[in-house]
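Hello,

Here is the structure I promised to pass on. My notes follow below it.

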Amino acid sequence: MRFVLNGNGVSLDVSGSRRLLDVLREDLRLTGTKEGCGEGECGACSVLIDGEVVNSCLVAVGQIDGCSVVTVEGLALPGGKLSPLQQAFIERGAAQCGICTPGMLLAAHALLEQNPRPSEDEVRVGLAGNLCRCTGYTKIFDAVLACRR
Amino acid sequence: MPEVTYLQPRDVADAVRLCRDTPDAKPLAGGTDLMVMLHAGTVRPRAVVNLWSLSELKGIRHVDGALEIGAAEPYTGIIGSALVGEHCPALVAASRTIGAAQIQNRGTLGGNLANASPAGDTLPVLLAADAVVVTDRRAIPVADFFWGYRKTALGPGELIVAVRFPAAARGVRFRKVGTRAAQAISKVVVAVSREPARVALGSVAEVPLRARSAEAALRRGDVEGAVAALASDIRPIDDVRSTAEYRMTVAQNVLRDLLDASPRR
Amino acid sequence: MSDTSAAVGRPVLRREGADKVTGRARYTDDLVVAGAWYGRTIRSRIPRGRIRSITYDPAFDWAQVVVVTAQDIPGDNVVQLIRDDQPALAAGDIRHREEPILLIAAPDRDTLAAAERAIRIEYDALEPVFDLSLATETYSTIEISKGDVDAALRGADDVVERTFKVGLQEQLYIEPQGAIAIPEEGGRIKVIGSLQCPYYVHRALKRALALNDEQAVVIQAETGGGFGGKEEYPSIVAIHAALLACKAGRPVRLIYDRHEDLAATTKRHPGVIRHRTGVRRDGTLVAQDIEILLDGGAYCTLTPVVLSRAAIHAAGPYACPNVRIRARAVATNTPPNGAFRGFGAPQALFAAELMVEHVAERLGVPSLDLRKKWMLRIGDTTATGQTLTESVSAEMVIDAALKAAPSAHLSNVPTVRHGRGLSLVFHGSGFTGSGEKKLGGKIAIEALTGGTFTILTASTEIGQGTKTIFTQIAADGLGVPIERVTVAPQDTSLVPDSGPTVASRTAMIVGGLIHEAAAELRERLAKSPKPTLPLRVDKSYVQPDTIHWDDQTYRGDAYPVYAWACTIVDVAVDMLTGEVRVTDLVSAVDCGKAIHPVMAEGQIEGGMLQAVGWATIEEIKMKDGGYQNDRLATYLIPTALDAPRIRTILVENPYSGGPFGAKGIGELPMDGPAPAIIAAIHDATGVWLDEVPATPEKVLAACASS
């Protein structure tokens, strides 16, 4: 199958029923996307498919043929500079242990793309599929709200 | 998991043929249920047939005055649809309670129906709205669709292509009670309308169902009678999430509240 | 860019933050190890009995895989901790569901799964013990006595008696347990894992694999949350991975999936706590008679220490002349319970704080008035007879919390009732009594060429900010910009044993050593014009001689100092469904000195939401000795949509024995919210629930019967 991954064309010959999560982590060696539960409950495996945030543990890789996929590795700006969202996460303490952070960043990114000036409640709704155990979420809200346009 | 053949049909007819002719094949749409089971090994099909990319299964439109939602249209599309908001706002409300953004971007009515979980959040709305399950070969009123615990009227290889709402169901009101505000399997889910009298619930029996004696009382205009009659219509159980007693009490409380004539919060 | 202003007290950037937001940070399962096989633990399906037989299906080609049983253990079949009661693999006796019996390793996951299916284990079941009151084996008893409780109760104007129940809780680190074991030459075994305490794992590996100090190497990978759940449990994962790697002669990855992690790993100790509190009519506190019964599960693990923490905090942050605390921890045939943030104190303080509410209700006075009357002040003595001489902040945190609390909600929906609750808690920093002395934690700092420095410590970063605050403390102690200080990897072959990363000790105790070492190194460098580099200063913990503790009588200075918090919570209770929603949560916290204010707030906010979960939705139901809530779809923690905005007020009342005045903060946030939520539910509905979690089922039933 062929798809765009973080802006680059990729061609893969793998069984289409394998989880996108496993193909990313094992075949493509992109380990930024994490497995927290394998049940679609924690959001640690979140990626963007055609701009929409989904749990990659629930996507059969065959289903992304022709699609555009973005993982945490694709969030930085050209040249490797951290995006404002990534920078805000560090500065405002939105990342502690960091295991939920990749998924959280992608959900936040998708939210801000669709709604550049969300209210705090809209941020909650947008991030409700990403569990965090370390932060209590308040500083994650702060980081996302700081990136409103 | 051992290699499961991935099949990509050209169109719905091809999908039907593949599901019918491929031994031990399962249809795959958004994957929010099937992919979990595949990974856990609770189902071990030999093949999956991908429906996600079939445009015939997506979309929301009016067909002869009826609202029609493609079986593989994700909840995000339903939530954002002005047509659905106009025709059956309770379906928008129910869709918003499913999972969170990630699940809403992939979960579908077709999946909710085909899995026939008694806790399916949209299913009571479909029952209360007299929806019709349109398959590749016939139309099944949703009241006739659920045959038993996770068993449906679908025949071998039969695929759901759309869900149709023949009449506007603007009067359907909905409430889901779950353990937390998002990503929660329901403890009790209720969809009611006064006119026509419809009382539909999930998570209180082995199937999503219409509470017929409650509806009969409601038709007489007897709200308290409907609430009391619920006790004979539903058969909740104790399980990991909740208790039979809680489900019964809350189903009754919520029914009364939804039927209450005073202004909604 | 070099910044010469002091680093401590400033929100400098998290040291490993860039790696975490870019996906560059490598957690255990992210590591690629050439030739590694996959491992799996085969576990008991019954709660108590004996293994009758293990049958390996001859139709499966067993040459493809490696199987390890108790017979393959080269050293002692023991998970080294406190009591040598827990085997690494069950040899015959089964004491709990999910008890590890054997291990398999295979080249790929499909073969692994097929091998698992080809093993059949038969048991002779024995009658299990689940009921605490029927338990026959005791792990530990503690009695703390002060004054004459019986006489004081007899002489009291009023005695209030109440019994409280506290439930299990899963730590729910978002990264499951995992370790990779790599056999190397000379009998060396390297284990890389998700863990909090490299040296705990090191000791456990040596014992079970019969290795010496150099042969066992433990390296902490980036760890996705711990909260105590990775304090002692990783020793088991490491031993298992190492056993497989040794037998297979190749690396083995043993990574738990979430279901296994939920079903088999340690949980917070549940229990029952009974209080009898005697007061005078004017509200003076004269007697506290407290009984604690904790369920340790099937093996001892850290139960005696959890019991100790619970007992010492059981009387709450109050001065009382007559106190008796009788604490007991017993065995049941459930999976062993273990460390979880708070470590007995949340359980004990839940009961203690609610007692204030019940006594206030009996006397017809506001509970806040009783707290202000009873709270410990400088010069008062605690239940263990410790005289508090400094950094006592009960009044400060109450005042700060009250000032920050929002105006009360008014309900505009008749079926939703609002209520407010408050709690006052304290939490001892560091190990109890002579614990720190026994640990003798060590660190070192080296001055390297190029004007840089490296900190050598086994204290781990698990999200709480260890790496960052250590560089802040060291940089200020050395008088250099923070960019010049690095932290060496937490690798037992490189760094000394600083003691475990637990017990709210990392900033105060280990940070204290780092500050001392930095100051000394700075002096030595200043004195020598051309020092030989690397120049190393080692520091080892020396207990101040002002701390006196008697392990036999359980009297004296239980902790060097306490941190304090006052928490105010607002709830909305839906009277139709019993659902409790926390709408506002504010806490004033004194941790002495916030080395990094943003990270300190982060600890408080995160810990408080964990406590909210424990108090409301984190319920574990048992069935035949196993947890029914064994998937993330059924074990529920708060989502972003459930969480209120949590507000933290940092109050600084410095401790002279901590670096820059710092005390511990990691666990304190876990202590306050639960009793405050119960009090808030009462404020909203008029009903008392004397247990957590206060699920909607319980709330509705309590409202119905009142």
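How many residues does the contact take from chain A and from chain C? It takes 40 from chain A and 43 from chain C. Two residues count as in contact if their C-beta atoms, placed from the backbone, lie within 7 Å.

Some ground rules. This is a predicted model, where local features need pLDDT of at least 70, side-chain atom pairs count only at pLDDT 80 or more, and totals for chains, interfaces and linings use all residues. Residues are numbered from 1 along each chain as its sequence is written, while chains are lettered from A and ligands numbered from 1 in the order in which they are written.

**Chain A against chain C**

On the chain A side, helices H2 (84-91), H3 (101-114), H4 (120-127) and H5 (138-145) each supply at least two residues. H2(A) gives the largest share, four residues. Helices (H or I, at least four residues) and strands (E, at least two) are DSSP runs, numbered from the N terminus. By class, the chain A side has 20 nonpolar, 13 polar and seven charged residues. Here Ala, Val, Leu, Ile, Met, Phe, Trp, Tyr, Cys and Pro count as nonpolar, Asp, Glu, Lys and Arg as charged, and the others, Gly among them, as polar.

H5(A) deserves a look. Seven of its eight residues are buried. Buried means that 20 or more other C-beta atoms lie within 10 Å of the residue's own, with C-beta atoms placed from the backbone. Among the buried residues of H5(A) are Lys139(A), Phe141(A) and Asp142(A). Their cover includes H2, H3 and H4 of chain A. It also includes helix H14 (597-616) and strand E27 (646-651) of chain C.

**Inside chain A**

Chain A has domain 1 (2-73) and domain 2 (78-145). Domain bounds come from an automatic or database domain assignment. The C-alpha centres of the two domains of chain A lie 20 Å apart. Their contact takes 16 residues from domain 1 and 12 residues from domain 2. On the domain 1 side, strands E3 (46-49) and E4 (52-55) of chain A give two or more residues.

**Chain B against chain C**

Here 20 residues of chain B are in contact with 19 residues of chain C. Helix H11 (244-259) of chain B gives the most to the chain B side, six residues. That side divides into 10 nonpolar, seven polar and three charged residues.

**Inside chain C**

Chain C is divided into domain 1 (17-27 + 435-540), domain 2 (31-127 + 184-257) and domain 3 (271-432 + 553-705). The C-alpha centres of domains 1 and 2 of chain C lie 33 Å apart. Their contact takes 16 residues from domain 1 and 20 residues from domain 2.

One helix pair to check is H8 (345-363) with H15 (673-685), both of chain C. Their axes come within 8 Å and cross at roughly 35°. Axes are lines fitted to C-alpha atoms, for helices over the stretch in contact, and angles run from 0 to 180 degrees between N-to-C directions. Residues of H8(C) at this contact include Leu349(C), Phe350(C) and Glu353(C). Those of H15(C) include Pro675(C) and Ile678(C). The contact has eight nonpolar, no polar and two charged residues.

Best wishes

Note on methods: Buried ≥ 20, exposed ≤ 12 C-beta atoms within 10 Å, placed from the backbone.
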